[in-house]
Amino acid sequence: MTTLIKNGTVVTATEIMDADVLIDGEKVAGIAAPGSHSWEEGAEVIDASGKYVLPGGIDVHTHMELPFGGTFASDDFESGTRAAAWGGTTTIIDFAVQVFGENVMDGYETWMEKAEGNCAIDYGMHMIVGDVTDQALKEMDMLMDEGVTSFKLFTAYPGVLYSDDGKIFRAMQKAAENGSTIMMHAENGIVIDVLREQALQRGETDPIYHSITRPPVTEAEATHRVIAYAELAGCPLYVVHMSAKEAVEEVAIARNRGSNVFGETCPQYLYLGWKNLSEPGFDGAKYVCSTPVRSEDQGHQEALWRYLATNDLQIVSTDHCPFCMGDHPVHGTQKRLGEGDFTKIPNGLPGVEDRMRMIYHGAVGEGRLSLNRFVEVTATAPAKMFGLFPQKGTIAVGSDADILVWDPEETHVMSVESSHMDVDYNCYEGTEVKGEIDKVIARGKVLISDGEYHGEKGDGQYLKRGTCQLLI
Ligand code: URP
Ligand code: ZN
Ligand code: ZN
């Protein structure tokens with residue numbers, strides 16, 4: 001069966017062209033000047049006049065059902081990937097977790113079981129290595145054969161997922177040997193723990209202290225350190241969820257000397273700050289995540305947008321990791337575990353459905369990034385970084401037909417009411433954005449059209465990924 005998307009403006013990371021797109025089965029089969037072909041015959045026709053035709057979004061940082069602080073992220077693979085599709089994302093890469101004392105492969109199998117048959121869109125896996133042992137290093141090789149080609153380690157969360165410098169360096173040496181990428185959560189968790197304890201002793205218990213006790217220097221120092229070790233080991237390094245301008249400066253300096261160091265940021269760091277963390281009552285807990293959202297007065301948000309424009313940051317992901325605020329019938333009052341003690345607030349916030357609209361709004365709508373760069377940071381660079389290009393991340397003959405029909409004139413109001421994530425608040429509640437999703441097509445199947453969902457669980461398939469294709 002063929003589908004023709006006609007009269008739209010096709011946008012990739014490098015091109016903007018008036019073109020018709022032919023989909024045959026799951027793949028893009030042709031791109032041609034409007035009217036220069038006879039593809040309409042026998043095809044399902046989508047008229048994209050006045051609209052953009054974009055590659056589906058790729059969110060390379062999600063945590064469905066992540067265990068954290070005595071509870072679990074409220075979206076599972078079924079609800080989370082369906083919400084992603086509603087938000088114009090057609091691929092996610094989630095994090096399988098090896099907890100301390102467990103085998104890496106067991107953690108991987110557990111995550112694969114959670115995902116299998118439940119996803120609305122295609123998905124890959126990174127592996128969190130929480131316990132770098134000789135056995136874990138061997139299992140990193142085994143995972144490469146499964147298409148898991150990136151491993152996340154933490155300088156944060158001592159006693160939980162934290163690895164010391166020696167363990168991090170050993171994992172980096174393994175990555176240099178087997179061609180994988182090391183992803184780092186870079187914050188100095190040891191120093192942060194001291195600051196947290198001292199804050200609590202002073203009676204500073206509100207959500208805002210989550211950010212105050214994780215100052216920019218703790219992110220910048222850890223980023224500097226892991227860059228040094230990655231350069232010594234010779235592996236590609238990807239620093240996740242960056243929020244401090246001083247930390248991104250470290251990435252920029254390393255890239256300038258030719259190192260394969262990459263960075264991502266997330267919508268929350270581009271839009272949210274201490275005003276949100278200080279919302280009345282306990283509402284600031286909605287915005288507690290690590291790295292933290294930062295003070296609006298220090299210029300972090302503007303700097304992050306600038307670093308995206310100059311390619312010192314390559315990717316915008318979400319770090320989607322939602323926890324409920326109120327009495328959710330299944331998940332209960334997750335964030336309230338930290339009422340009276342900010343250190344007990346589960347870290348993470350929802351975003352998988354919000355990313356494409358919020359980034360289009362700030363980038364194209366408000367003139368900070370070009371339309372091509374919007375596509376690059378939300379789809380093309382994620383695909384190249386994590387070994388999915390050109391199957392994913394672009395519109396080209398032979399690529400998967402993961403396509404958005406995007407209406408640049410339509411508006412959308414961000415709201416918990418209109419969203420599909422399994423969580424009871426939206427971080428951008430009430431924000432009106434220009435640019436709205438008209439249709440979402442994933443591997444040739446129309447998942448969203450005219451505000452209706454036509455997909456089903458199990459539409460999404462596991463993606464065995466190749467290695468990093470981005471060079472500086
Ligand atoms: O606050 C966050 N980021 N929660 C998810 C876990 C992580 O560190 O990515
Ligand atoms: Zn992290
Ligand atoms: Zn994360």
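This is a predicted model: local features need pLDDT of at least 70, side-chain atom pairs count only at pLDDT 80 or more; totals for chains, interfaces and linings use all residues.
Trainee: Why is Ser 290 counted as buried?

Mentor: Buried means under 20% relative accessible area, and Ser 290 has 3% relative accessibility, so Ser 290 counts as buried. Its place is in the loop between helix H10 (274-277) and helix H11 (300-309).

Trainee: What makes the pairing of the side chains of Ser 290 and His 210 a polar contact?

Mentor: The side chains of Ser 290 and His 210 are joined at 3.3 Å, and the cut-off for such a pair of N or O atoms is within 3.5 Å, so the pair qualifies as a polar contact. Leaving aside neighbours within four places in sequence, Ser 290 is in contact with several residues, including Tyr 157, His 185, Glu 187, His 210 and Arg 214.

Trainee: How do you know that Gln 334 is buried?

Mentor: The relative accessibility of Gln 334 is 2%, and the limit for buried is under 20%, so Gln 334 counts as buried. Gln 334 is found in the loop between strand S15 (315-316) and helix H12 (355-365).

Trainee: Which partners does the side chain of Gln 334 reach, and at what distances?

Mentor: The side chain of Gln 334 makes a polar contact of 2.8 Å with the side chain of Thr 71, and the side chain of Gln 334 also reaches the backbone nitrogen of Cys 324 at 2.7 Å. Among the residues that Gln 334 touches, not counting those up to four places away in sequence, are Phe 72, Ser 74, Pro 322 and Pro 346.

Trainee: Why are helices H3 and H4 called roughly parallel?

Mentor: Helix H3 (residues 134-145) and helix H4 (residues 165-178) pack at an angle of about 30 degrees, and angles under 35 degrees count as roughly parallel, which means that H3 and H4 are roughly parallel to each other. Their axes lie 10 Å apart, and the crossing is right-handed. Asp 134, Leu 137, Met 140, Asp 141 and Met 144 in H3 meet Arg 170, Ala 171, Lys 174 and Asn 178 in H4.

Trainee: How does the reach of helix H7 compare with the expected value?

Mentor: Helix H7 (residues 216-233) has 18 residues and reaches 26 Å from its first C-alpha to its last, which is close to the 26 Å expected at 1.5 Å a residue. Buried residues in H7 include Pro 216, Thr 218, Glu 219, Val 226, Ile 227 and Ala 233, and just after H7, Gly 234 takes a positive phi of about 85 degrees.

How values were computed:
Residues are numbered from 1 along each chain as its sequence is written. Chains are lettered from A and ligands numbered from 1 in the order in which they are written. Side-chain values use heavy atoms; hydrogens and water are left out. Helices (H or I, at least four residues) and strands (E, at least two) are DSSP runs, numbered from the N terminus. Buried means under 20% relative accessible area, exposed over 50%, partly exposed in between (1.4 Å probe, protein chains only). A polar contact is a pair of N or O atoms within 3.5 Å; within protein, one must be able to donate a hydrogen and the other to accept it, and residues adjacent in sequence count only if both atoms are side-chain atoms. Contact means heavy atoms within 4.5 Å. The expected span of a helix is 1.5 Å times one less than its number of residues. Axes are lines fitted to C-alpha atoms, for helices over the stretch in contact, and angles run from 0 to 180 degrees between N-to-C directions. Angles under 35 degrees count as roughly parallel, over 145 as roughly antiparallel, 65 to 115 as roughly perpendicular and the rest as oblique. A crossing is left-handed if the near helix is turned anticlockwise from the far one by less than a right angle, and right-handed if clockwise.
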